[in-house]
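Here is a short report for a reader meeting this structure for the first time. Look over the sequence and the 3D view, then read on.

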Amino acid sequence: MRTGANNTVDEDPAESEFRRLLRVYGEPSNLNPPPDLVARTARQLPPETPASALRRLYIRRILRWAILALILCAVLLGVVLLFATGPATTPIGGQVGFGRTLLTLQLILKPIKGLITIFGLPLLLVGVSASVGALLVLSRNSSAPQDLRAGT
């Protein structure tokens with residue numbers, strides 16, 4: 001109820017009635033919080049903020065995808081250089097920088113091509129399956145949820 005010109009609310013009757021009803025029904029009374037509540041809660045918080053942990057997670061994911069894309073490009077370039085006729089038939093030839101780099105890569109990959117032709121397709125399948133298996137194991141381990149709290 002409002003009293004006077006200053007528009008203050010007189011809560012004494014309502015408050016006393018509320019307390020009386022709490023006592024009648026045996027409701028608990030107000031307790032003071034423990035003195036170390038804030039310190040205890042602050043100790044349980046992680047050392048970094050959730051935003052920085054999420055940012056670090058996204059950076060790791062982007063870095064993994066970039067490395068995977070780089071490896072894929074290198075493998076594709078190796079396959080092209082391994083089974084192509086070589087940079088000598090390109091208009092650039094092996095005389096300038098890029099053509100010389102392609103020629104060097106092709107000459108490096110020639111022994112690998114010889115190994116594949118000597119030992120055959122099973123060796124290639126074992127190598128590819130081992131690489132795929134290693135990538136799957138790494139991706140499963142890195143995508144496991146991590147507890148952000150310190151000490152656990």
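Is Arg19 buried, exposed or partly exposed? Arg19 is partly exposed, with a relative accessible area of 35%. Buried means under 20% relative accessible area, exposed means over 50%, and partly exposed lies in between (1.4 Å probe, protein chains only).

**The model**

This is a predicted model, in which local features need pLDDT of at least 70, side-chain atom pairs count only at pLDDT 80 or more, and totals for chains, interfaces and linings use all residues. Residues are numbered from 1 along each chain as its sequence is written, and side-chain values use heavy atoms, with hydrogens and water left out.

The predictor's confidence in each residue is its pLDDT, from 0 to 100. The protein averages 75. Of the residues, 70% score at least 70. Confidence is highest in helix α2 (residues 37–44), at a mean of 88. Strand β1 (residues 2–3) has the lowest, at a mean of 52. Helices (H or I, at least four residues) and strands (E, at least two) are DSSP runs, numbered from the N terminus.

**Salt bridges**

A salt bridge is a side-chain nitrogen of Lys or Arg within 4 Å of a carboxyl oxygen of Asp or Glu. By this rule there are three salt bridges.

| Salt bridge | N to O distance |
|---|---|
| Arg19 and Glu15 | 3.1 Å |
| Glu17 and Arg20 | 2.7 Å |
| Arg56 and Glu48 | 3.0 Å |

Arg19 and Glu15 sit four residues apart in helix α1 (residues 12–25), so about one helical turn separates them. Glu15 is partly exposed, at 36% relative accessible area.

Glu17 and Arg20 are three residues apart in helix α1, again about one helical turn. Glu17 is partly exposed at 36%. Arg20 is partly exposed at 37%.

**A nonpolar patch**

Which residues form a nonpolar patch on the surface? They are Leu121, Leu124, Leu125, Val128, Val132 and Leu136. Together they have about 530 Å² of accessible area. Such areas come from the Shrake-Rupley method with a 1.4 Å probe; for residues, only the protein chains shown count as cover. Patches are made of residues with over 30% relative accessible area and no salt bridge: like charges are joined within 9 Å, nonpolar side chains (Val, Leu, Ile, Met, Phe, Trp, Tyr) within 5 Å.

Leu136 lies in helix α5 (residues 121–142). Leu136 is partly exposed, at 46% relative accessibility.
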